[in-house]
Amino acid sequence: MHKPSSTSVDIGGVLDHGPFTSMQRIVVILAALAIVTDGFDGQLIGFAIPMLIQEWGITKAAFAPAVAAGLVGMAVGSAGAGVIADRIGRRLVLAASVFLFGAATIAIGFAPDVLAITMLRFIAGLGIGGALPSASTMTAEFTPARSRTLAVTATIVCYPLGGMLAGLFAGVILPVLGWRGLFWVGGALPVAYSLVLLATLPESPRYLVRQRARWAELRALLARMARPTPADTVFVDAAERASEQRAGFASLFETGRMRDTLAIWIGFFMVMLATYSAFSWLPTMLAAEGLPTTLAGSGLTAYNLGGVVGSLGCALAITRYGSRIPLVLCSIGAAASAFLLKSVDISGNTTWLMLGLGLHGMFVLAVQSTMYALCAYVYPTIVRATGTAAALSFGRLGAILSSFAGAAVITSGGASAYLSLLGFSMVLTLAALTLVKNHIPSLKRQRAAATAAGQPASGNAELARAAR
């Protein structure tokens with residue numbers, strides 16, 4: 001038992017309603033840059049596949065296991081990293097994940113055959129999968145509630161931003177250093193950045209509040225965030241404690257949470273089937289339709305560029321209008337744009353092709369990126385990383401399916417079948433998202449909930465959750 005203290009601080013209130021200081025913004029930037037490197041390395045394989053198929057004389061189907069292995073690694077890494085991060089903290093897990101996928105990517109540059117690439121892609125996938133939930137959780141827990149949706153989405157949108165940079169990078173490196181140089185240089189960057197994370201990234205305050213032995217560290221961290229506290233402070237997390245009955249995976253299926261968990265899982269499965277069909281196979285599909293390798297790679301770059309714009313726009317819309325309407329509209333736009341692309345002459349009208357791919361990426365990646373913010377809202381702190389990681393791991397099954405489905409539809413039905421796969425995946429994503437009950441509320445509803453709870457009307461989604 002600790003000694004009685006007259007000073008008690010609710011960490012939720014301090015973080016959710018306080019200022020968004022420069023120190024907090026730096027943490028968000030560090031997490032976002034980790035996801036840039038994540039998307040950069042994660043999508044390098046998509047740009048390398050056409051050259052590998054040509055150099056080694058193998059079929060698309062023969063390369064599918066290598067693509068699948070990376071996605072299996074991402075699924076395992078997402079699940080494992082989320083559980084570990086909830087137990088030992090976010091900081092070490094994020095830094096270790098970035099180092100792992102960087103080192104494995106370097107090793108791919110030395111691979112002698114497809115089997116070696118397959119094994120190394122699995123190892124890289126462990127790190128790529130582990131970085132996403134850790135970074136998004138870190139961002140959510142350092143950001144005031146009024147800015148959380150935008151901050152989390154801005155962090156996750158760095159994955160397609162990294163992919164877009166990978167496309168530009170591949171366009172320069174592939175003609176000069178080939179696919180091996182692509183992986184060597186591409187892997188060295190995250191290895192170096194992992195050391196930066198270890199040196200500069202602090203632990204999450206909402207994790208530290210549950211570790212009494214580390215309260216001195218928490219007090220020092222709060223002081224750096226312009227929230228000084230006395231040495232005898234007792235820390236609590238009242239808003240989260242009200243909704244926490246037990247920690248662990250089973251709590252994701254408690255009464256009142258099961259429907260949302262299942263709907264989010266299905267939504268992630270289908271949207272990742274669509275996105276990773278693009279990330280892994282879009283340049284290959286375009287090359288099979290007769291486009292030069294460089295121009296085929298530009299299609300994925302356009303897709304990612306659209307995704308960056310769409311994700312940020314959708315996040316702004318969610319901040320004001322809540323998540324239900326923006327996610328539904330973006331899902332409809334994603335499905336419609338995929339079906340409309342079937343009418344474009346791929347080899348004869350590349351301008352419309354690139355615009356169409358950018359539009360499709362804008363809607364698809366807007367849905368996927370903002371679903372992380374939805375997870376951060378649905379799940380309380382003690383299971384936030386676990387809940388996000390579990391949803392992401394289930395979604396990775398859709399990504400794994402894409403590694404075989406993408407190769408199969410391109411081989412059997414060409415561009416038309418491939419675009420139909422993208423379109424119908426987003427139709428099912430739409431169905432899943434309409435079933436989610438506890439969407440992020442609109443700004444008006446958040447302010448009403450904050451007023452009812454006697455707190456500042458600052459768009460506090462945490463209070464809106466507590467008031468449900």
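Visitor: How many aromatic pairs does a search of the whole structure find?
Guide: Eleven aromatic pairs turn up. Keep in mind that this is a predicted model.

Visitor: How is a pair of aromatic rings described?
Guide: By the distance of the centres and the angle of the planes.

Visitor: OK, take phenylalanine 40 and phenylalanine 169. What are the distance and angle there?
Guide: The centres are 5.0 Å apart. The planes make an angle of 55 degrees, and the pair counts as tilted.

Visitor: Where do phenylalanine 40 and phenylalanine 169 lie?
Guide: Phenylalanine 40 lies in helix 2, residues 22-56. Phenylalanine 169 lies in helix 7, residues 158-200. So the pair ties together parts that are 129 residues apart in sequence.

Visitor: Is phenylalanine 40 buried or exposed? And phenylalanine 169, buried or exposed?
Guide: Phenylalanine 40 is buried, because its relative accessible area of 9% falls under the 20% cut-off. Phenylalanine 169 is buried too, at 18%.

Visitor: New pair. What do phenylalanine 110 and tryptophan 184 form?
Guide: A tilted aromatic pair. Centre to centre is 5.1 Å, with 45 degrees between the planes.

Visitor: Which parts does that pair tie together?
Guide: Phenylalanine 110 sits in the loop between helix 4 (90-108) and helix 5 (114-142). Tryptophan 184 is in helix 7. The parts are 74 residues apart in sequence.

Visitor: Is phenylalanine 110 buried or exposed?
Guide: Exposed, with a relative accessible area of 58%. Tryptophan 184 is partly exposed, at 34%.

Visitor: Last topic, clusters. Which residues form one aromatic cluster?
Guide: Tyr159, Tyr276, Phe279 and Tyr303.

Notes: Residues numbered from 1 in each chain as written. Predicted model: local features only at pLDDT ≥ 70, side-chain atom pairs only at ≥ 80, totals over all residues. Heavy atoms only, no water. Phe/Tyr/Trp six-rings, centres within 6.5 Å; stacked < 30°, edge-to-face > 60°. Helix = DSSP H or I, 4+ residues; strand = E, 2+ residues; numbered from the N terminus. Buried < 20%, exposed > 50% of the residue type's maximum accessible area, 1.4 Å probe, protein only.
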